[in-house]
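Keep the viewer open as you read.

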Amino acid sequence: MAHHSHTHSHNHSHSHSHTSNKTVLRISFFIISAFMLAEVAGGWITNSLALLSDAGHMFSDAFSLGMALWAFKIGERQNTLQKTFGYKRFEILTASFNGLLLVAIAVLIIYEAVERFVSPPEIATAGMLVISVLGLLVNIGVAVYMVKNSDTEANVNMRGAYLHVLSDMLGSVGAIVAAVLMMAFGWAWADPLASILVAVLIGRSGWKLFIKTLHILMEGTPENLRTDEVLAAIRQVEGVQSVHDLHVWTITSDINALSCHIVVDGRLAVAEAEQIVYRVEHLLAHHNITHSTVQIESDRHPHEDSVLCSFDTHTHPHTHGHH
C-alpha cells in the first residue's frame with residue numbers, strides 16, 4: 001500500500017521567485033550584450049587586442065546569461081508522462097555546463113598568459129584604460145543588481161550566470177591594474193601575471209559550481225538537509241515503528257524529494273495508517289522536503305530492515321521486489 005502526495009510548502013528561505021530570476025537575467029543579458037558590441041566596435045577601430053579579448057570575455061558572459069535564461073524557460077515546461085519531473089533538471093545541466101565553461105576559460109587564460117610572458121604585449125594606452133574602466137563599471141553594476149534582485153546563492157542556475165559576470169569583473173580589474181603598472185613603470189609582466197591570478201579565481205569558483213551540480217545529478221542528498229535528523233524525526237512520529245529504504249534527492253534548486261518505507265502496526269485500518277503518513281509528510285514539509293512518497297508496511301514486510309536500499313539483485317531475488 002503506497003501513498004503518494006505532493007505537499008507544496010515551499011518554505012523558501014529566499015524571497016526571490018523564479019520570475020524575478022528570469023527578469024534579472026534578461027536585463028543583465030541585454031546590458032552586457034550591448035556593452036560587448038560597443039567593445040567589439042571599439043577594439044576594431046582602435047585595433048586593440050586587449051579590448052577585443054575583453055569583448056570575448058563579455059561574450060562568454062552574455063552567452064552564459066542567455067543559457068541560464070533559456071534553462072529557466074525550458075524548466076517551466078509542463079510535466080509529461082514521458083518526463084514526470086518536467087524539465088526542471090535542465091537548470092542543473094546548464095549550471096553544470098556553466099561551471100565547466102568557467103574552468104575552460106581559466107585554462108585558456110593561463111595558456112595565453114604563459115605565451116605573453118615569453119613575448120610581452122605592447123604597453124597599454126590611455127584609450128584602452130578608459131574603456132576597461134567602463135567595462136568594469138558595467139560589470140559591477142550588473143553583479144550588484146544580480147545579488148540584490150535574484151537568488152545567486154541557492155539557485156545553481158542563477159549562480160552559474162552570476163559567477164560569469166563576477167569572473168568578467170575580476171578580468172576587468174586585472175586588466176586595469178596591469179595597464180596602470182605598464183604605463184607607469186613599463187612592467188610588461190604585470191599583464192600576464194594579473195591574468196593568471198584572475199584565471200585561478202575563475203577556475204576555482206567554476207569547479208566548485210560543477211562539483212555542486214554533479215552532486216545533484218548523482219542524486220546526492222540535498223545540501224540543506226541532514227539525513228540523520230530527518231530519519232530521527234520520522235522515527236519520532238507517533239505510530240512509526242521503523243524506517244527503511246530511504247532515498248533523499250534534489251530535483252532542482254529548492255525542490256527536494258524523499259521516498260521511504262515506514263513500518264506500522266499491521267492491525268491498523270487503512271484510514272488510520274494514512275493518518276500516520278500525513279503526520280510524516282507534514283513533518284517533512286518542515287524539513288524543506290516538498291515531494292514525498294511514503295510506503296506503509298506492517299512488521300511482516302519482506303524487506304530487509306536497513307535504512308538504505310542495497311540494490312543487491314543477485315543474492316535475494318525474492319526479497320527485494322517491492323510488492
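A residue counts as buried when its relative accessible area is under 20%, and as exposed when that area is over 50%; partly exposed lies in between. By that cut-off Lys 22 is buried, because its relative accessible area is 12%. Keep this residue in mind. The model is a predicted one.

Start with the overall layout. The chain holds eight helices and four strands. Along the sequence they follow the pattern β-α-α-α-α-α-α-α-β-β-α-β. The chain has 323 residues, and 44% of them count as buried. Now take the contacts with a separation of 6 or more. Residues 24 or more positions apart account for 74% of them.

Next, go to the end of that pattern. Strand 3 covers residues 255-263, helix 8 covers residues 270-286, and strand 4 covers residues 289-297. Together, the three make a β-α-β unit, and the unit is right-handed. Strands 3 and 4 run parallel, joined by eight bridges. How much of strand 4 is buried? Eight of its nine residues are, so the strand is mostly covered.

Now turn to charge. Side chains of opposite charge can pair when their charged atoms come close. The whole structure contains six salt bridges. One of them brings back Lys 22, which pairs with Glu 76; their closest N and O atoms are 3.3 Å apart. What does this pair tie together? Lys 22 sits in helix 1 (residues 18-46), while Glu 76 sits in the loop between helix 2 (49-75) and helix 3 (89-118), so the bridge links parts that are 54 residues apart in sequence. Lys 22 is buried, whereas Glu 76 is partly exposed, with a relative accessible area of 35%.

Another salt bridge joins Asp 265 and Arg 267, with 3.1 Å between the closest N and O atoms. Asp 265 is partly exposed at 24% relative accessible area. Arg 267 is exposed at 74%. Elsewhere, salt bridges that share partners join Arg 226, Asp 228 and Glu 229 into one network. Within this group, the side chains of Arg 226 and Glu 229 meet at 3.5 Å, N to O. Both ends count as partly exposed: Arg 226 has 47% relative accessibility, and Glu 229 has 42%.

Notes: Residues are numbered from 1 along each chain as its sequence is written. This is a predicted model: local features need pLDDT of at least 70, side-chain atom pairs count only at pLDDT 80 or more; totals for chains, interfaces and linings use all residues. Side-chain values use heavy atoms; hydrogens and water are left out. Buried means under 20% relative accessible area, exposed over 50%, partly exposed in between (1.4 Å probe, protein chains only). Helices (H or I, at least four residues) and strands (E, at least two) are DSSP runs, numbered from the N terminus. Two strands pair if DSSP finds at least two bridges between them. A crossover is right-handed if, with the strands pointing away from the viewer, the path from the first strand over the helix to the second runs clockwise. Contact means heavy atoms within 4.5 Å. A salt bridge is a side-chain nitrogen of Lys or Arg within 4 Å of a carboxyl oxygen of Asp or Glu.
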